[in-house]
Amino acid sequence: MILTGLALGAALGAVMQRGRFCVTGMLRDIFLQRSWRGFTALLIVISVHAVGLAALTSAGIIAPEYSDLAPVAVVVGGVLFGLGIVLAGGCASGTWYRSAEGLVGSWIALGTYALSAAAMKSGALRGLNDALHAPTLPLRSLPQSLGVSPWWFALALGGLTAALARRYLAAEKPVATLRRQPWRRPLHLYAAAVIVGLLGVLAWPLSAATGRNDGLGITTPSSNVLRYLVTGDTERVDWGVMLVLGLFLGAFAAAKATGEFRVRVPDATTACRAVLGGLAMGVGASLAGGCTVGNGMVQTSLFTYQGWLALLFIALGVGLGTRLWLRPAAPRLAGQESVRPVRPGEPGEPAAQARGEGAVAGAASVLPAVPSVGGLISLGGAVPERRDQPGGGVATLAPGRYRLDTFGAVCPFPLIEAKEAMRRLAPGEELVIDFDCTQATDSIPRWAAEDGHEVVEFTERGEAGWSITVRKGA
């Protein structure tokens, strides 16, 4: 029976990968883009989940269990987890499926996430975990406190979510897409959200049938994978472990089939961020009682105090992390800033290091061989001039035409740097953006459409590599 977890996890991983489904991005865009479009997708998941779980509970198919609220643990854990997912570049489920796309930084974050979660649950940090969980309040769920059916909450949230989704869909502008076969095209975010919600509903009875009275979850299963590998204890291999392993396999199959898999190795700075982010994720999720899946999708759909309080403080942690760490490299455009020639033998400053992101393994096989120095690219054969301060990889191709190299930059840095570079252009000038971040295949053309810019060209550059040319609007 636990193999049903593997099958459902594979479906979940494929949908998340094809839908670029990332709760970190949904929360981050509230602060970075001032947009609630992504958060509405999370509300869709919660609403579908809430209606489904209310139906299953009413029919006596499942019997969710509730715990008293541990406010200190949930608040501290939520903030830590929010900070961690900004550093790691993805939440728990996002780290699993991005690992399946070949991002070595996500592999690192996944390992430290599992390690710190295991330490909190049964290792050296268990004392800290228990101490912060000790103060509790007799608050379990909103329907229980008010003595009403959960259907009232599920239907009310569903109505609000439907109104928000309708508003964003009506305001959506045509977005440039790659010329691909229909099966290789990404899922619309809201379609992916509906499917994730339905899979979450199905997960609970399948999991309960194996003796695990829970639905979707990432943190405990991730720690159990590590604990099994270290101890060989087969009792750790349950439905949840099959779920996360299936998530990885499903995402890998989807990425490989659509040409979005390639091993990408981070630099030291990005690797350190992944380590710290993963550690904060494991500690935070253990304290909060779950991650953006366990709390942000499952507990919220049960309308528990823990779920909604954790989601609030995860969002605040993401907002703080966004303010602290997600800043553009302030690229300078040739002809608009002071420049100086590169002296013979002078070391260059790679653009990836300037913004704290990783270099790409195999990038030379994706990009054409061109003369470069200091992270800047020249297509005309002449060695470009380096700015007094590194400019995020922006180079002049021709008058009014520039190139921004963001290869190796993880989400959301390609978009952040593209927006900063575009801000410095005059109307009618063009910016060629090279990137290998899968999520940017949606975020960059969507930003161009929403800001009134024209996408002149959008092409693939080998496996997991893309180039998009954006002409600045008036």
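## Overall composition

The protein chain contains 19 helices and nine strands, where helices (H or I, at least four residues) and strands (E, at least two) are DSSP runs numbered from the N terminus. This is a predicted model, in which local features need pLDDT of at least 70 and side-chain atom pairs count only at pLDDT 80 or more, while totals for chains, interfaces and linings use all residues. Residues are numbered from 1 along each chain as its sequence is written, and side-chain values use heavy atoms, with hydrogens and water left out.

Of the 474 residues in the protein chain, 54% are buried; buried means under 20% relative accessible area, exposed over 50%, and partly exposed in between (1.4 Å probe, protein chains only). Among contacts (heavy atoms within 4.5 Å) with a separation of 6 or more, 79% link residues 24 or more positions apart.

Strands β8 (residues 454-460) and β9 (residues 466-471) run antiparallel and are joined by six bridges; two strands pair if DSSP finds at least two bridges between them. Phe 458 has Ile 468 in β9 as its bridge partner. Five residues separate the two strands of this hairpin, and Gly 462 in the turn has a positive phi of about 80°.

## Salt bridges

The count of salt bridges is 19, each being a side-chain nitrogen of Lys or Arg within 4 Å of a carboxyl oxygen of Asp or Glu. One of them pairs Asp 68 with Arg 140, with the closest N and O atoms 2.9 Å apart. Asp 68 lies in the loop between α3 (37-58) and α4 (71-88) and Arg 140 in the loop between α7 (126-133) and α8 (142-146), so this pair ties together parts 72 residues apart in sequence.

Arg 461 forms a salt bridge with Asp 434, the closest N and O atoms being 3.3 Å apart. Arg 461 lies in the loop between β8 and β9 and Asp 434 in strand β7, so the pair ties together parts 27 residues apart in sequence. Both Arg 461 and Asp 434 are buried. Salt bridges that share partners join Arg 18, Arg 20, Arg 180, Arg 184, Glu 260 and Glu 460 into one network.

## Surroundings of Thr 438

Thr 438 sits in the loop between β7 (430-435) and α19 (440-450) and is buried, with a relative accessible area of 1%. Leaving out residues up to four places away in sequence, Thr 438 touches Gln 17, Arg 20, Glu 101, Glu 260, Arg 264 and Trp 466.
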